[in-house]
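Subject: Structure for you to look at

Hello,

Here is the structure I promised to pass on. Please open it first, then read the notes below.

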Amino acid sequence: MRTCGRGRVNSLARSVVDASVRLFSLSALHVNILIPTIMLPDEILDTLQSEFPCRESQIQQLTAFYSEHHLPSPPLLVAHGLTATGKSSIIKSLLELSSLPHAVIRCRECITGRHLLERIVASCLDALDTFGDERIDRKRFARTENLSSLAVNLQRLLEGRNKFVLVLDGIDKQREAPPTMMAALGRFREVIPNLSIILISNLPLTQALYTPSTPHIHFAPYPRSSLLTILAAKPPKIFLTPPSTEKFPDYTPDLAAEDDAWLWGRFTSAVYDSLSKHTGRDLVNFRIAALKLWRPFVEPVEAGTFGTRDFSRLMVNRRHLFQGEEGVLDRIIASESTLTNPTGTVPPTPKRNLRTLAHDLPYYATHLLIAAYLASYNPSRTDVTYFMKHTDKRKNKRRVHTSSGTGAMKSKHRKISRHLLTPSPFPLDRLLAIFRALLDDAGVPQSADLYTQVATLTSMRLLVKAGGAGSADPLDTGAKWRVNFGWEYARGLGRTVGLEVGEYLVGGVD
Amino acid sequence: MEHEKCYIYAPPESNSEERPSKRVRTSKLQSQPQLTERLSTYREVWAQQEERIQQTLENADSVTQENIVKFVAASTTSEGEPQASIPTGLIVAGPSIASHGLFFSRLGQNIRSETDSAYAVLTSGECPNLKTLLKCLVKKITSLKDDGDEHDDLINSGFSARNGPKLLDFDLGHVQMWQDKNETQSIVVAIQDSEAFDTAVLVELVDTVHSWLDRLPFILLFGIATSAENFEDRMSGKSLRYLDGQKFDVTQSDVIIEKLFSVTVANADARLRIGPTLSHRLLDRQKDHVQNVQDFVDGLKYAHMSHFYASYPSIFLRKGSTYTDLPSEAFEAVRNLPSFRRWIETLLQDGNASEVRTLLQSDQSLHEEIAKHIKLGQTALTSLSQAAILFHNIRESLQISPPFRLSTIWTRAAAGDLSGSPLYRETMLSLKKASSDKLKQLLISMERLNMEGSSIDWAKFNQNLLKLVQNSDGSGPLRSQDDVRNDSVRTTVIAQKVLLSKHKAALSEQDKAYSELVAQLHDEIDRYMTSAFIDPQAMFLSEIFMYDLKSPHVEVFQPKPRFAIERALATPHDYLGCSCCDRNRTEEEGVLAATQPATAILYQLFLESGTLINASDLWSAFEAIVEEGSEESDPKTSALIQRALAELRYLGLVKPSRKKTDHIAKIMWKGL
């Protein structure tokens, strides 16, 4: 027994009894001992509307289709819309409220197409067990290898039963989906009359279904006004610990709630206009950004510098929150330091050394990486000029620089700086040759340690094997390698060992 | 070149009757006398060391581990409301990826013992794609805590198989069933080497885990070798939104190595010590090539093993071995030691001929001497270690830059070149110049060290200093007479010449007293250090209590495979040792002779050529060498060169090239 709506039993006792009576008269199969809590369509509509504001038309359409047990539902319905537009949650709550037998399958949990099929049958069995009273003999449904056996299984399962709703959430993101799955789902109703499928996807599935006149319900992205309305429903508190009652005897919880709502409303519209409009307009991103910025925003109010209604002064004081991008960047580790800037001025760009190692690499490993970078970004014909001994590096460098950069070439082809291109592959011997050239003293023995380091760097994904997946043999001499880091990292590496990588790079940098 | 697809290979005729007849060994040669005794001694000595190592390793990252366990425990407490994001720990474990496994297994033990969580480690090797990853995860988690319930499980699985759809083996539904039964607070999934995972797999894992988060309390831990930023850059924005966590830094491996060194090699009581050359090599390798704690430990262990295995006199390190236990061969072995000879020579120079005679003739008196000297040597080394620790402590408390590590100081001391070195003089001078506040710190830390070997009474010095400081009325600390701040330079101009003269400022009474105290301390420390910093190599029996052979270590831990192949091909005589191509005889460098193996000849020709090699030129050059003088070409030469070329290709030195017809491309260069 699903526990949905059980809390409403008392208030809706009358209607429940009515509905169940109606149910009994309609379907002899549902001989329920427990009185199911079934709501009337209008009540479902009201509940959903209050729970999910700004989705009136979609909720109306869906309730029309799915709230009544005895009225037919469309065999297939596609609910589409971008992320965070309320598709799944609305459909799920609707089905739970209407207490139709249903099963919801999240396709992103299914690893293969077969997995999805097995999941469908298993969830349908579970759902029927929950909604019906008798246990279904599961022996006959032990295997669902392909779409046709799914059709057969569902047919057997739903034979002689009432309407059943199957929801496939995120069907367009299904991994390793069978190519005919969509088309098959579209035609299931032809063999299973009492099955009604809802597909939830990001894009309309008109192309994939091959079934004309499939009803689509579009969940449009929330516009600005709707977003603000939804967020205004639950304003967070300004004061985490309410101010002491002795000091402020007038400041009642009601007043505090009013202040919260007032300031939160102003604040969210400011966040939307300055940040979320350009970075992430969907509800989830907007809510995350707003909540992230809320605490630093109300910090002066909490400290007592400003009153709760000094919105304009607060804005000026905390303007750095809306100027920086910290609030909308996705980070695993929440960096509080830049948000809670007490000075109120624009903080200097955080000196985040982007790609430095937290731990130092060994001396020769660092040189190997630098050599690999140079091997990737220098054409091999210039190696003689850069790494031959007994030559003046600077003189050669200038020559190469001018010949490649200027002249008629420039007007014809737009030159892209080398370090912005993808690294080119190189053989291992070239790496080792450059490595030895970088270390002027020839004191590095030809020991296996160097190869160990290459292997370690490979498993750290700093060096990558460039050849196809077929050449898995690590001892293959023809194998080519590539670096997997950028210019800044290479420069940082060079500086840790006192080597300016830019001096060896063809064409210079910047 | 390959004009025949196949041909019958005729092996060169072997003259079987010329094979020398086998000889049977008549006397039983015991190549390794008393091996079992030495083995047991080794085990005893190493067990001590290993215990110390384990303790150090466990303590080394206990703080980080505690933090992670706390994080896991804190993440589990928020129950009730659905979590929006997966609690994630980013463990920056450093580039020593070999030690990550140990770290994560220890972490698992801690997490399991201190929180009510399931813990599973995933490595990149077992998870090439999402399906196998989930399979592995399911297997690892459901096999936990099943000791008593195994029976139930079997029944359950059989039940579901017979009656209805079975869950596929990568379905996290298994974990949910397990979770329903066990009700753990959290399921910790540790990704040991996140770099080696395919990014797509990680992204999908995060997606799947997040999808299950409302039913299964997952916590993810990522082991990172490079940096947390690097990890974040790899993940997509969506996955980052699903994750929310903290960063944990693991202790750098060089710090751990330093600690290990001080407890094993520089420890006050170690029966066998690793000599300066070898320890220098071990440490350098850690700095330059690999950062790997386990490798360091292995190096130490191998040194211990090879000492007891290869050196027979090491039997004398055995505790409680009496004269009767030892055969005369042991004493004969000691008499062959270089340090024994040196000792005998010094004795002879002193005119103790009779003593020398008894030592050479009587095993019993030699045994007594050996016992005495081993004890002496070990005490000397102990005091050397203590002096090194003291020296390091002085530098650290006085904050003398550049900072030297204890390992560096110890290796220099053990090599016998610390006393009298600039480093030593500099340190002692800084000690003389130290002001009272710095000296106070030094004395306090010395007292804490609580050295047994030194005769210096730190407490007394400390008391005297306290008295002086209390009596002083000035605001600043007391300064000794050698402090530069007490010097002033006076300039006098006489007859258009500038004279600079140094001048000592007048010292106050307290400063004078303080100077005396410092001078006294300096002298005592100096005396102690000079007595402790001896050259252990020069001592009698240093071969027994100190192991300092480099080559076994290098051969095992730092082999040179490519160099060996190149050398074998370039100068085959080094390996074959045959008389025909002896270099000394021909007196010419790199001479090519027909007697050399064909592959070696071809390799040397290969070395002389450029990137693209003409095969026919190669053949004619080869022919000219092999068939010296003879006119017509021998069919055997063709076979030889084909085999040689095939071998070069097999070694990866050449490959067929499409750039030019009849050419092969050189793909390896000597000496890289």
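Two strands count as paired if DSSP finds at least two bridges between them. Helices (H or I, at least four residues) and strands (E, at least two) are DSSP runs, numbered from the N terminus.

This is a predicted model: local features need pLDDT of at least 70, side-chain atom pairs count only at pLDDT 80 or more, and totals for chains, interfaces and linings use all residues. Residues are numbered from 1 along each chain as its sequence is written, while chains are lettered from A and ligands numbered from 1 in the order in which they are written.

Strand β3 of chain B

Start with β3(B), residues 186-191. Six of its six residues are buried (20 or more other C-beta atoms within 10 Å of the residue's own; 12 or fewer is exposed, in between is partly exposed; C-beta atoms are placed from the backbone). Ser186(B), Val188(B) and Ala190(B) are buried on one side. Ile187(B), Val189(B) and Ile191(B) are buried on the other. In a regular strand, side chains alternate between the two faces of the sheet.

β3(B) has a parallel partner in β2(B), residues 117-122, through six bridges. Here Ser117(B) has Ser186(B) as its bridge partner. β3(B) also pairs with β4(B), residues 218-224, again parallel, over five bridges. In that pair, Ala190(B) is opposite Leu221(B). From β3(B) the chain passes through helix α7(B), residues 199-212, to β4(B), in a right-handed β-α-β crossover (with the strands pointing away from the viewer, the path from the first strand over the helix to the second runs clockwise).

A three-stranded sheet in chain B

Now go to the open sheet with the order β10-β12-β11 in chain B; its pairing is antiparallel. The edge strands are β10(B), 612-614, and β11(B), 654-656, each pairing on one side only. From one strand to the next, the twist averages 35°. Three bridges link β10(B) to β12(B), residues 663-666. Ile613(B) sits opposite Ile664(B) there. Helix α28(B), residues 615-626, lies across β10 and β12 of chain B, at about 60° to β10(B) (axes are lines fitted to C-alpha atoms, for helices over the stretch in contact, and angles run from 0 to 180 degrees between N-to-C directions).

Where the chains meet

Chain B gives 58 residues to the contact and chain A gives 47. Contact means C-beta atoms, placed from the backbone, within 7 Å. On the side of chain B, β5(B) gives the most, with six residues. That side has 23 nonpolar, 17 polar and 18 charged residues (Ala, Val, Leu, Ile, Met, Phe, Trp, Tyr, Cys and Pro are nonpolar; Asp, Glu, Lys and Arg are charged; the others, Gly among them, are polar).

Chain A

Chain A has 21 helices and eight strands. Of its 510 residues, 31% are buried. Among its contacts between residues at least 6 apart in sequence, 74% join residues at least 24 apart.

Two residues deserve a look. Most residues other than glycine have a negative phi. Cys54(A) has a positive phi near 65°. Cys54(A) is in the loop between α2 (41-51) and α3 (56-66) of chain A. Ala84(A) has a positive phi of about 55°. Ala84(A) is in the loop between β1 (76-81) and α4 (87-98) of chain A.

Are these two buried or partly exposed? Cys54(A) is partly exposed, with 17 other C-beta atoms within 10 Å. Ala84(A) is partly exposed because it has 19 C-beta neighbours inside 10 Å.

Best wishes

How values were computed:
Two residues are in contact if their C-beta atoms, placed from the backbone, lie within 7 Å.
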